[in-house]
There are 2 protein chains.
Amino acid sequence: MEEGTSNSPSDCCSTDRDYDIHQWDAREDCEVRQILDRIADKWSLLVIALLEKRTLRFTELRKSIDGISQRMLTTTLRQLERDGLIERTVYPVVPPRVDYALTELGCTLHETIKALVVWTETNQAKIISARRSYDERASEKLW
Amino acid sequence: MEEGTSNSPSDCCSTDRDYDIHQWDAREDCEVRQILDRIADKWSLLVIALLEKRTLRFTELRKSIDGISQRMLTTTLRQLERDGLIERTVYPVVPPRVDYALTELGCTLHETIKALVVWTETNQAKIISARRSYDERASEKLW
DNA sequence: ATCCTCGGTTCCCTATTGTAACCAAGGCTG
DNA sequence: CAGCCTTGGTTACAATAGGGAACCGAGGAT
């Protein structure tokens, strides 16, 4: 009744109670998901990766992260600071000098982020070839 | 000359050659960065986390991932499939049945993603309290 | 007096994402 | 046999996030 009743290939695992597999992503307002959204972010990832080496100034970050806009760098840094992952130090000088450094918490996060980066570096060839064959198959189907 | 010459706190580390700290994020079109952008994505992360447990159908994924739109689920799944991280199996039945499963490559990625999720679960209390104190400090400064 | 620096903020416009409606194809219901 | 149901999408349009560029403030250098 719920399945494709006549000819579905295997009617074995489709009752409703199976849906709550993970609890942490059940509700959209789940804290863990909110935090993941912030951490697993294009720019946050790069900022944390860069700050692991050493403290950097605003402009150093901007130059290091090719393609980031000043607006997004500011926003990203503020969010990371709010989450206690980086520390912002303002020196009352002119022109202003602002240093950004990983906090202890940020350092622990860097460990897992590094694992992600390493995984990507290790497997990038596989992914690129997967894309190539996918695109080939897709263009074949057009004919 | 380059620094705040008169009264900057520590003129020790600001020559230009220091900027190329990581090579993998030097150029925006870097493959690793492109792949990271795709992987470290709000929805991709959740899809991979869910598929680790078992193969799921399109509708099961949609129900499991609260807040995802049908359009974004489709898009996300296509990208993951293209990258060789998940496998899409279409059964020629009516109504259609489409199963999604992690590939071997996807499984290896899941390991590192799980580390990220575990980190988040472990440290969410710290982050939440960091946010609270940040917000308090911010509201104080308004007065 | 004017220009320069750094670390932003603001404005405007484009690009990505969400919302909702529609679709195909065949089985089931009346 | 007409019309409705199902799943797994696609399409058109609205909202929101992000990029680009201009501007700013404070004081030192020219």
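# Legends to close-up views of a predicted protein–DNA model

Chain A has five helices and three strands. The structure shown in every view is a predicted model.

**View 1. Overall make-up of chain A.** Read from the N terminus, the elements of chain A follow the order α-α-β-α-α-β-β-α. Of the 143 residues in chain A, 45% are buried. Among contacts in chain A with a separation of 6 or more, 39% link residues 24 or more positions apart.

**View 2. Helix H2 of chain A and its cover.** Helix H2 of chain A spans residues 42–53 and is mostly covered, with nine of its twelve residues buried. The buried residues are A:Trp43, A:Ser44, A:Leu45, A:Leu46, A:Val47, A:Ile48, A:Ala49, A:Leu50 and A:Leu51. An α-helix has 3.6 residues a turn, so residues three or four places apart point the same way.

View 3. B:Ser44 belongs to helix H2 of chain B, which covers residues 42–53. The relative accessibility of B:Ser44 is 1%, and this residue therefore counts as buried, the limit being under 20%. From the side chain of B:Ser44 to the backbone oxygen of B:Arg38 the distance is 3.2 Å. When neighbours within four places in sequence are left aside, the contacts of B:Ser44 are B:Arg38, B:Ile39, B:Thr76 and B:Leu80.

**View 4. The three-stranded sheet of chain A.** The strands of this open sheet stand in the order S1-S3-S2, with antiparallel pairing. Strand S1 (56–57) and strand S2 (86–91) of chain A are at the edges and have a single partner strand each, so one side of each lacks a neighbour in the sheet. S2(A) is joined to strand S3 of chain A, residues 97–102, by six bridges in the antiparallel sense. Within this pairing, A:Val90 is placed opposite A:Val98 of S3(A). Strands of a sheet pair through backbone hydrogen bonds, either parallel or antiparallel.

**View 5. The S2–S3 hairpin of chain B.** Strand S2 of chain B, residues 86–91, runs antiparallel to S3(B), and six bridges join the two. Five residues lie between S2(B) and S3(B), which form a hairpin. B:Tyr91 has B:Arg97 of S3(B) as its bridge partner.

**View 6. The protein surface near DNA strand C.** There are 20 residues around DNA strand C, of which A:Thr59, A:Gln70, A:Arg88, A:Tyr100 and B:Met72 come nearest. Of the atoms of DNA strand C that come within 4 Å of the protein, 55% belong to sugar and phosphate. Side chains of chain A reach phosphate oxygens of this DNA strand: a polar atom of A:Thr59 at 2.2 Å, an N or O atom of A:Arg88 at 2.4 Å, and an N or O atom of A:Tyr100 at 2.6 Å. Helix H3 (58–64), H4 and S3 of chain A, together with H4 of chain B, are the elements that give two or more residues to this surface. H4(A) gives the most, with four residues. By class, the surface near DNA strand C comprises eight nonpolar, five polar and seven charged residues.

**View 7. The protein surface near DNA strand D.** Among the 21 residues around DNA strand D, those that come nearest are A:Met72, B:Thr59, B:Gln70, B:Arg88 and B:Tyr100. Sugar and phosphate supply 56% of the atoms of DNA strand D that come within 4 Å of the protein. Both protein chains have side chains at phosphate oxygens of this DNA strand: a polar atom of B:Arg78 lies at 2.7 Å, an N or O atom of B:Arg57 at 3.2 Å, and an N or O atom of A:Ser69 at 3.5 Å. Two or more residues each come from helix H4 (70–82) of chain A and from helix H3 (58–64), helix H4 (70–82) and strand S3 (97–102) of chain B. H4(B) provides the largest share of this surface, four residues. The surface near DNA strand D divides into nine nonpolar, six polar and six charged residues.

Notes. Residues are numbered from 1 along each chain as its sequence is written. Chains are lettered from A and ligands numbered from 1 in the order in which they are written. This is a predicted model: local features need pLDDT of at least 70, side-chain atom pairs count only at pLDDT 80 or more; totals for chains, interfaces and linings use all residues. Side-chain values use heavy atoms; hydrogens and water are left out. Buried means under 20% relative accessible area, exposed over 50%, partly exposed in between (1.4 Å probe, protein chains only). A residue is near a molecule or strand if one of its heavy atoms lies within 4 Å of it. A polar contact is a pair of N or O atoms within 3.5 Å; within protein, one must be able to donate a hydrogen and the other to accept it, and residues adjacent in sequence count only if both atoms are side-chain atoms. Ala, Val, Leu, Ile, Met, Phe, Trp, Tyr, Cys and Pro count as nonpolar, Asp, Glu, Lys and Arg as charged, and the others, Gly among them, as polar. Contact means heavy atoms within 4.5 Å. Two strands pair if DSSP finds at least two bridges between them.
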